[in-house]
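Please look over the sequence and the structure before reading on.

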Amino acid sequence: MRAEWIAAGPMAMAMLLCGKEEKVLGAQKAPGSCPYCGGGVAATDVEAKWVLCCLPLCRRTKRRFACTACARRLVTYPAILHDD
Ligand SMILES: [Zn+2]
């Protein structure tokens, strides 16, 4: 046990025991274009799983949008998406 782990306390111990796994389920081209550079947008479906001592706690699938040209994460993309 390293001294800094003891100093950090229970939070650090919890961090050692649980973790987050992400698995990319698939990617597809999304309609619209990047608001920053006008490039194409890719939608990526990611399954996130929280793991505690190798036991999956919860699992959820989310969709992420990113620009294929400038690689920016488009966090607010669904809100600004207009399908025309
Ligand atoms: Zn872009």
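## The basis for pairing

Two strands are said to pair if DSSP finds at least two bridges between them. In this predicted model, strands E1 and E2 pair in the antiparallel sense, with 13 bridges. Strand E2, residues 40-52, is also joined to strand E3, residues 55-67, by 12 bridges, and these two strands run antiparallel. In general, the strands of a sheet pair through backbone hydrogen bonds, in either a parallel or an antiparallel arrangement.

## The sheet as a whole

The three strands form an open sheet in the order E1-E2-E3, with antiparallel pairing. Strand E1 (18-33) and strand E3 stand at the edges and have a single partner strand each, so one side of each is left without a neighbour in the sheet. On average, neighbouring strands of this sheet are turned by 15° against each other, direction ignored.

## The hairpin of E2 and E3

Strands E2 and E3 form a hairpin, with two residues between them. Cysteine 53, in the turn, has a positive phi of about 50°. Across the pair, tryptophan 50 stands opposite cysteine 58 in E3.

## Glutamate 21 on strand E1

Glutamate 21 lies in strand E1 and stands opposite lysine 49 in E2. Leaving aside neighbours within four places in sequence, glutamate 21 is in contact with Lys49 and Val51. The C-alpha atoms of glutamate 21 and alanine 48 are separated by 5.8 Å, although these residues are 27 residues apart along the chain.

## The nonpolar core

Which residues make up the largest nonpolar core? This core has six residues in all: Cys34, Val41, Ala66, Cys67, Leu74 and Tyr77. One of them, tyrosine 77, touches Val41 and Phe65 when residues up to four places away in sequence are not counted.

Alanine 71 lies in the loop between E3 and helix H3 (77-80). Most residues other than glycine have a negative phi. Alanine 71, although not a glycine, has a positive phi of about 65°. With 11 C-beta neighbours inside 10 Å, alanine 71 counts as exposed.

Conventions: Residues are numbered from 1 along each chain as its sequence is written. This is a predicted model: local features need pLDDT of at least 70, side-chain atom pairs count only at pLDDT 80 or more; totals for chains, interfaces and linings use all residues. Helices (H or I, at least four residues) and strands (E, at least two) are DSSP runs, numbered from the N terminus. Axes are lines fitted to C-alpha atoms, for helices over the stretch in contact, and angles run from 0 to 180 degrees between N-to-C directions. Two residues are in contact if their C-beta atoms, placed from the backbone, lie within 7 Å. A nonpolar core is a set of buried Ala, Val, Leu, Ile, Met, Phe, Trp, Tyr and Cys residues joined through C-beta atoms within 7 Å. A residue is buried if 20 or more other C-beta atoms lie within 10 Å of its own, exposed if 12 or fewer, and partly exposed in between; C-beta atoms are placed from the backbone.
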